[in-house]
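I opened the notebook to record what I looked up in this structure. The entries follow in the order in which I checked them.

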Amino acid sequence: MSKIVVTGVGIITPLGNTLRQNREALKDGLCALSSIEIFDSRYATLLPFGEIKTTNQNFKDQLNVSEPGVTRTTLLALHAFEQAITDSGLSAEEIQSFDTGFISGTTVGGMCISDELYHDANHNKVGSAYLNSYDLGSVSIYIQKRYGIQGITDTFNTACSSSANALMYGARLIQNGFAKRVIAGGVDSLAKFTINGFNSLNILSSAPCRPFDAERSGLNLGEGSAFLVLEKEEEVKGKKIYAELSGWANTNDAFHPSSISDNGEGPYLAMKKALEVAGLQPNQIDFINTHGTGTENNDEKESIAMQRLFQTPPAFASTKSNIGHTLGAAGGIEAAFCLLNLIHQEVYPSLHFSHPIETTGLYPVPQYEKKTIHHVMSNSFGFGGNCSSLVFSKV
Amino acid sequence: MDKEAEKLKLKEHIIRYLNLLQVTPDDIKDDMPMFREGLGLDSIDSIELVVMLEREYGLKIENPKEGRRILTDVNSMMEFIEQGRAKQNEA
Amino acid sequence: MFYIHQTSCISHQPTFHEVDLENLNRSDNNQLLAVEPKYSNIPIGQLRRMGRALRMGVGTGMQLLEHNQTDGIIIGTANSGIEDSITFLNQILDYQEGRLTPTNFVQSTFNAIAGLLGMITKNTGYNATHVHRGLAFENVMLDAIMRLNENPEHSYLIGGVDEISVRNYRMEAMAGWYKTEEVSNLDLYQTETPGSLPGEGAAMFIVNHKKDEAIAKLRAIQLLNVLEPKAIAAQLSQFMQQHLSDTEPIDLFLSGENGDQRFFKYYAACEKVIGPNTTIARFKHLTGEFQTASALALWLGCHFLQTQSIPAHAVKYIGDRNGLNRVLVYNNYHGEQHSFMLLERGGGN
């Protein structure tokens, strides 16, 4: 099988609009969780969020978007997508070639504009400009049309593991000969829909989240997007290569619609099978970017699953302590962070941790440090029992 | 309203909020556990019941641990509703 | 490529228990709502929380999973439980973001059908949901093709599901996707106006690499984005050349024509490529138009191959081929997302 390598990265998170800015902020242990400033919600100042402080109008100006009906989710994706293809140096010809795929994961899609949707769905006699922009597919379809992408295009949804699965699907399209290169990742924007949804389940924390801490009290929602350009190693002569996407797996916990089973079966199987695909032993993983949402359920079960597989787990951290949980974008964003771990041979601190969970006793990375890293793992788990793990390796 | 009528009303609310197909108020015994072996409800249902108490009775449960006790069965929910009413009357 | 072994379908026609495609169910009020069965195969504790899409998806999925072990579940749906999504959204606005009931939110996550099927059958294998509007189910098939390439001994449940939601229908109608005049599904293809009739349904399949006793073989599939009719025709011609030899004619062209005059040109261009010897049939008067209608087209293709007959009301043109061995399905959604599927009778040759 051909090696699948990453030749371009585009990212936007509350920590910054470029990969470089994100690295600097992670190094400094910055927490970008704050009140919501640019959209209206009852919880705007009551709960912390990972909000990107750029208005939709500013994005439209920067990205040269003038047509109506383009949502914030699409704008964030467009930002990351443009950066990724530029970074990889893909030509228009390559982007429009039938063997270039485009796969995006999202959970909220165009439903980020809750108020317009409410009026269109219930009251309006004449629809708003967003009528065809609410579904999840709208985001990737906009980008597909804008760039004239002709290869396989898809939108993935496995809840909070959506973009991890988009990356996996992209790698498999290349390995199975359905594409030569794939731009894959994901996006989600903050929305009343998800804020109130997670709030109704009592899992939003009123303080910045504390992944793996005994006193953790829930997650914070964030927004962002990341896309990676995946290519076959033999096709990329002379290009800069970030890393190899060497392992992946998708499993189901098959236990409950919104919580993980007691022994973390789904997460355990995802990590185990990803290692098998990568051809690695557990002790070869040097660092894990965990799912680590900061909820009672996730962090304990993820810890149990890591202990089952690794006995003594490797160094690990949760970057959700910096930016919150970006849902469908999380797998993509955290994949980009894993690339930073590999390229710069360093790990970043997991924030707001003080005491380990009593039953598992695990300590995340406390501070920035240089570290020899050959292989990193990224975990993403979601509602519906969807569990995914990716492995990136140094080339 | 007498106590039996109140209980019937509460059971109807439970059935409606949880969309318990094929369950009638008579099927829900006053001391039948709501969770696990009894009605077989789960954590999402417990939140539905908390919302039901808030919307139908104007009563808030702030502490989730307290919620578990209140939502044990129809009797415990009735007790919570009566205590809540007494407090509302005092105020 | 894979073999299709068992199928299950819920649609506007009686397709779930005893299949009857001869006596057409008429559209009601310009819609083709699914005829839902009793769902004795869904645990009652789960059923009580489900909206239409979840019931149809889990109901058809369970019909197959009750008797088959699979290594994973792959579902395509553009909107999943959209009615639940909008019900939850309405709560958010109506209660000014106060305390809300979580069930609609949890049920409206787009991966709920695949997740619930995994949960109910304790299936910890591959579990994926594709939501790419009119190519959601096509990506499911592609995913299954790749999973089976990677794991030839595996077996998967694949399917497509979407529901007509009252409020989503409002929006799609405002966007001009449906007929504004009263039209019966029997007259769908005679109309000269834009828009189609909305439908809904679910179709599920057990697929693997086992040739024995297969109903049909999916030989190839192609997904295409925005293109002109001429380019679609060129792609079809190339698709046929690539996947068929001279001795393997197409017996049936199953067309996704949907009565929307704006898109007729695509189907006309493809019919030309197919040529005068192939029978042409249409299916949207049976199913209505929706994003994952191609899953029902695959189900119909399998059914026609199995029964070796096509109901007369579906036939647009009678060709001169004997027998029914190969079916080519062409569908497009909103003229922007196109797909070809090449299907062959039984285990193939």
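I count two residues as in contact if their C-beta atoms, placed from the backbone, lie within 7 Å. The model is predicted, so local features need pLDDT of at least 70 and side-chain atom pairs count only at pLDDT 80 or more, while totals for chains, interfaces and linings use all residues. Residues are numbered from 1 along each chain as its sequence is written, with chains lettered from A and ligands numbered from 1 in the order in which they are written.

**Chains B and C.** I looked up the contact and found eleven residues from chain B and eleven residues from chain C. Helix H2 (residues 43–57) of chain B gives the most to the chain B side, five residues. Helices (H or I, at least four residues) and strands (E, at least two) are DSSP runs, numbered from the N terminus.

**Domains of chain C.** I noted domain 1 (2–208) and domain 2 (216–345); the bounds come from an automatic or database domain assignment. Their C-alpha centres lie 22 Å apart. I found 45 residues of domain 1 in contact with 35 residues of domain 2. On the domain 1 side, strand S1 (2–10), helix H6 (136–150), strand S4 (155–162) and strand S5 (201–208) each supply at least two residues.

**Helix H7 of chain A.** 13 of its 14 residues are buried, so H7(A) is largely enclosed by the rest of the structure. A:Gly177 follows H7(A) and has a positive phi, near 80°.

Technical notes: A residue is buried if 20 or more other C-beta atoms lie within 10 Å of its own, exposed if 12 or fewer, and partly exposed in between; C-beta atoms are placed from the backbone.
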